[in-house]
Amino acid sequence: MVGWILKKIVGSKNQRELRRLAPMARRINEFDEQFKSLSDDALRAKTAAWKDELTKISDPEEQWNRLDEILPEAFAVVKNAARRLKERRHSFTVCDQPMTWDMVHFDVQLLGGIVLHRGRIAEMATGEGKTLVATLPLYLNALTGRGAHLVTVNDYLARRDAEWMGQLYTFLGLTVGCIQHDQEPDVRRQQYACDITYGTNSEFGFDYLRDNGMATTREQQVQRGYHYAIVDEVDSILIDEARTPLIISGPATISTHQYDKWKPLIEQLVRKQTMLCNRVASEAAEKFEQSDVETAGRFMFKVKLGQPRNKQLLRMMEDPDKRRAIDKAELSFYTDTRKEELFQLKEELFFTIDEKSNEADLSEQGRAFLNPDDPNAFVLPDLINEFTEIDLDTTLSDEEKDKKKSERQQHCDEQAERIHNISNLLRAYCVFDKDVQYVVEENKVVIVDEFTGRKMPGRRWSDGLHQAVEAKEGVQIDRETQTLATITIQNYFRLYQKLAGMTGTAETEAAEFHDIYKLDVNVIPTNRPVARKDHNDRIYKTRREKYNAVINEIREHHTKQQPVLVGTVSVEASELLSRMLKREKIPHNVLNAKFHMQEAEIVARAGQPGTVTISTNMAGRGTDIKLGPGVPDLGGLFVLGTERHEARRIDRQLRGRCARQGDPGGSRFYVSFEDDLMRNFGAADRMTKIMERFGLEEGQELEHRWLNKSVETAQKRVEQRNYLIRKRTLDFDDVMNMQREVVYTYRNEVIDSEDPRTLIYEVIDEAVPAKLKEYLEVDEPNYGGLIHWVNTTFPLGLTKDKAQFDTRNVDENAQFLIGKVKEAYERKSSHEEPTAVKSLERYIILNAIDRLWQEHLYAMDALREGVYLRGYAQKDPLIEYKTEAYDMFVELMANIKNEVLHNLFRSTSNLQAFENFLASLPQFLLREDAPTAPTANAPARARQLQPVGAMAGVAMDGDGAGEVSIDLPVRRSLPKVGRNEPCPCGSGKKYKNCCGRTA
């Protein structure tokens, strides 16, 4: 009560903040009045003077302070320029359409501009001119000469806004660029070099990944820093799209999928499950008739586990008594005392489906159906035990042991691949629906964004799921992909020194914006009072009743020529409504993922008299719906939502499409208990009681503001769950992000270095002593293994007598060896082409970083998937992930250095230079016996260099004479063993601490 009274007296935090900004808006208008007397050239001269002054300030903090000082004057310059364009009726073309400039900034838009400059989120209602608001802070921050970015949701809006608002920037003397999907690197570099650059979040993110993970020279990099960015539709980009990271992937080297092989069996399995669920549902109906409610409820819960969208189940859920029986059975099975019964119930099905987590899990019965002859078909073998048994088998020779191990490894790989393929196919058939999560066009499966309703060409589900959906739909199964570079949306945008955002709906997610991005939200008042009337939701028992009511209301509004915008949550729902409207002979437009090309045109026409537009979610955002003649008198645009979305923001966005700039309008949502939101997250018990109390008949609805609260409660539950998922994703990616920053910083240092040889020598100085410690700082120094490593890595041809490692300590040996390696490298370099040496040295390091970083990403993906299982051992998966990831990263950096050493003498600028080097050296045979590959458990001292023939090494004597040797390739006779895996010799130690120490 006290808090409510205080808020009434002093206002909310947002109101107090807006009151503090009001004097600055007045100052901007005063400057605007003064500038009316200036000529165009005098107005432009201010831009040039500010740019000249600010580019001389090197400290970013000083630059920000100076920008704050000139803000009122700079904003007034932009407003004055907009007025001049309007007074002259300046005409131009935007996306090949003729336009005339007719906008000047309102006072509330000035407030929005100040909020954006200060690095916050400005929540402004639809139709309040966010596109124009962004011109103020973009102009101001572009004066520093370090680039200002505006991030939009699609290529069309980026191009439209760049060409439209670009009229204002170019009038004032600034340059404007626009990033589009199909631009070449040279063009992209020019666009980023402009003062202000428009583009989509994915294009900015992918350019960052290409610059830091793939470019090999400074000329190939296109971006020039992360100074200031405004994110348009900030909730869509930083929250909805932030659930999945940006990934650049390439085709995997080998593709071993068996989706086409297992597809017929999975289809049969799904059919058998459908028949089983239908039979159980029929039995349940009989039990209900016999008044055996408890058994019937158990049967229907079984159907819910196996087929949540079963038609008989959904029909029974319409009846309050039956619904209560099903809910009661479900609650009782999830108590601790009945866990075993629940497990047995699941085993009576072929598989179970969890809609909330999008998972499908095979039961023993399902596994037996797929592999009746092999009870262990879905059990991964314990390789460590099997390898130990093979090693302890004295009847087998070494070759036979190696062969057996190789066979067991291959069997394990095939088993894992089969389990993975079947799991993905099951998800594709049971959880992913055509025209909801994806569409099929031109023989390809194209993902549909669940929030925007837009297609996402080029995007693919990871981990083989996309191939499974392709197999299901019978289209071409593309090759599996491997991650080359990845970053989350959150971590990309946190690179910017100053970040701001604008949207019509951010307040509901204010906590997440603050927690993750340190962004506060300011709600900017509308220029004119909102005249929209929001009606209570209408709630029905069934989807069928709901859609019939929707059609009736559309007919009512259409009859009196009032335009209607119908919002749906999926392509499937929009097409169903379209068929129903055709049957009623009501003309309409459909805007969904299949018709995105006409998006802006269809949305712009949605306010004309008698128009009916069906649109998925927030398709067409960024395009105003202007009312046609006579429409305000009819009540304006009426927005009709056919379903509540998981996120309240998206419902608010749909409502916000009407009543722009004080226009009249109305909105209403229709809900049924069969909607996914209500089934999975709604307060089913409470709703059932309400239905009972009122004795609802067919076609009757419930309508009350208290019921709106119940729906919002369900939405809040989903929002909280999704926030926790995104937060968890970010916690894991923060670990990866620190590693990414180290690797990318090192990579850019290599690219920018004028003398890459200093970096090569740094690697030698660090890696050689580390290797020496591995061999010498142990209980028994392994001099033979050390000499073997030296001679297989460097062309030194050292022998035990020449090396004399046993006569020096570790540090002295390190200095001795470093000197030899550098001397040999200088000699090799003297025969290379001088102009090409730097490029070659740069390539040696970059190649090592890129190859091993890609392998590291693959290993980190595997770690992330597997680490959740440690929760069963009462360990926090995140802590475990951080610990393992650190060890893996330390190993990665060591491996990069060793890879550089390995390739140092195996690379050349051209063949002729290498042959010249060879010709300058005396050549003779060091050892006549041909080398054989040592096995994993061979004695370390037996693994010694056995080179023959031509050039591979140079032993540098005191007088500089060279000895030459060649190493034949060592072929692995065993499966590859990771450094952190148990050693195959059976010692129980990690491979790197046992036999791998000398490998």
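**Salt bridges in a predicted model**

Let's start with one pair. Aspartate 161 forms a salt bridge with arginine 160, and their closest N and O atoms are 2.9 Å apart. Keep in mind that this is a predicted model. Why can such a pair form? Side chains of opposite charge can pair when their charged atoms come close.

Are these two buried or exposed? Aspartate 161 has 2% relative accessibility, so it counts as buried. Arginine 160 counts as buried too, at 9%.

Next pair. Aspartate 478 and lysine 444 meet through their side chains in a salt bridge, at 3.7 Å from N to O. This one links distant parts of the chain, 34 residues apart. Aspartate 478 sits in the loop between helix H20 and strand S13. Lysine 444 is in strand S12. Lysine 444 has a relative accessible area of 43%, so we call it partly exposed.

Now a third pair. Aspartate 537 and arginine 644 form a salt bridge, with the closest N and O atoms 2.8 Å apart. Where do the partners lie? Aspartate 537 is in the loop between strand S16 and strand S17. Arginine 644 is in the loop between strand S21 and helix H26. The pair therefore ties together parts that are 107 residues apart in sequence. Aspartate 537 is buried, at 0% relative accessibility. Arginine 644 is buried as well, with a relative accessible area of 6%.

Salt bridges can also join up. Arg188, Glu203, Asp207 and Arg210 are linked in a network of them.

And how many salt bridges are there in the whole structure? A search finds 60.

Methods:
Residues numbered from 1 in each chain as written. Predicted model: local features only at pLDDT ≥ 70, side-chain atom pairs only at ≥ 80, totals over all residues. Heavy atoms only, no water. Salt bridge = Lys/Arg side-chain N within 4 Å of Asp/Glu carboxyl O. Buried < 20%, exposed > 50% of the residue type's maximum accessible area, 1.4 Å probe, protein only. Helix = DSSP H or I, 4+ residues; strand = E, 2+ residues; numbered from the N terminus.
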